[in-house]
Amino acid sequence: MKKLILLSILFIVGCEESTPTESSVHPLVGIWNVTEITMTLGSVSQTITLEGNDSATIIFGENNTASITSTIDSESSADSGTWSVTGSYITVISSDADTEIWTYSISGNILILIIEETEDGVTMELEYKCEKQ
């Protein structure tokens, strides 16, 4: 009798409906519209709001591809490459092999990307505020 009860329990447990695990898609994956760019040089900051004919779109693909297209002051540009994440840093390697490391954070549908660039001993910080489509 004990064997029958044990087998019944095993059968019931073994036949329970299992819920499929959701695929783990990184929250960066998707299409992001850049809404603001803030440039900081020392203690001076300037924020540019992209509106009207000015636009920039960043796409992070599930297959770790990345692309950016932009039109600023009627001048268009595009680039593509690959991306990877380590902690709160995203590394982007462009199609011409330039490597950039950005700090990123996501809150809801808002992505903040920050990079520091130094030229001739002067460091400038760029912060991109993006909204997910």
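**Close-up 1. The hairpin formed by β3 and β4 in the predicted model.** Strands β3 and β4 form a hairpin in which four residues lie between the two strands, and the model shown here is a predicted one. β3 covers residues 55-60 and β4 covers residues 65-72; the two strands run antiparallel and are joined by six bridges. One point at which this pairing can be followed is T57, whose bridge partner in β4 is T69.

**Close-up 2. N64 in the turn of the hairpin.** N64 is placed in the loop between β3 and β4, where its backbone has a positive phi of about 65 degrees although the residue is not a glycine. Is N64 buried, partly exposed or exposed at this place? With a relative accessibility of 32%, N64 counts as partly exposed, because the partly exposed class lies between the limit of 20% for buried residues and that of 50% for exposed ones.

**Close-up 3. The pairing of β1 with β3.** Strand β1, which is made up of residues 30-41, runs antiparallel to β3, and four bridges join the two strands. The bridge partner of G30 in β3 is F60.

**Close-up 4. A patch of negative charge on the surface.** Which residues gather in this patch? They are D79, D96, D98, E100, E117, E119 and D120. Of these, D98 lies in the loop between β6 (89-94) and β7 (99-107), and with a relative accessible area of 47% it is partly exposed.

**Close-up 5. D120 in the loop between β8 and β9.** D120, which is also listed in the patch of negative charge, is placed in the loop that links β8 (110-119) and β9 (122-132). D120 has a positive phi of about 55 degrees although it is not a glycine. At 75% relative accessibility D120 counts as exposed, because the limit for that class is over 50%.

**Close-up 6. The setting of these views in the protein chain.** The protein chain holds one helix and nine strands, and when it is read along the sequence the elements follow the pattern α-β-β-β-β-β-β-β-β-β. Of the 133 residues in the protein chain, 23% are buried.

Definitions and conventions. Residues are numbered from 1 along each chain as its sequence is written. This is a predicted model: local features need pLDDT of at least 70, side-chain atom pairs count only at pLDDT 80 or more; totals for chains, interfaces and linings use all residues. Side-chain values use heavy atoms; hydrogens and water are left out. Two strands pair if DSSP finds at least two bridges between them. Patches are made of residues with over 30% relative accessible area and no salt bridge: like charges are joined within 9 Å, nonpolar side chains (Val, Leu, Ile, Met, Phe, Trp, Tyr) within 5 Å. Accessible areas come from the Shrake-Rupley method with a 1.4 Å probe; for residues, only the protein chains shown count as cover. A salt bridge is a side-chain nitrogen of Lys or Arg within 4 Å of a carboxyl oxygen of Asp or Glu. Lys and Arg count as positive and Asp and Glu as negative; His and the chain ends are not counted. The place of a charge is taken as NZ of Lys, CZ of Arg, CG of Asp or CD of Glu. Buried means under 20% relative accessible area, exposed over 50%, partly exposed in between (1.4 Å probe, protein chains only).
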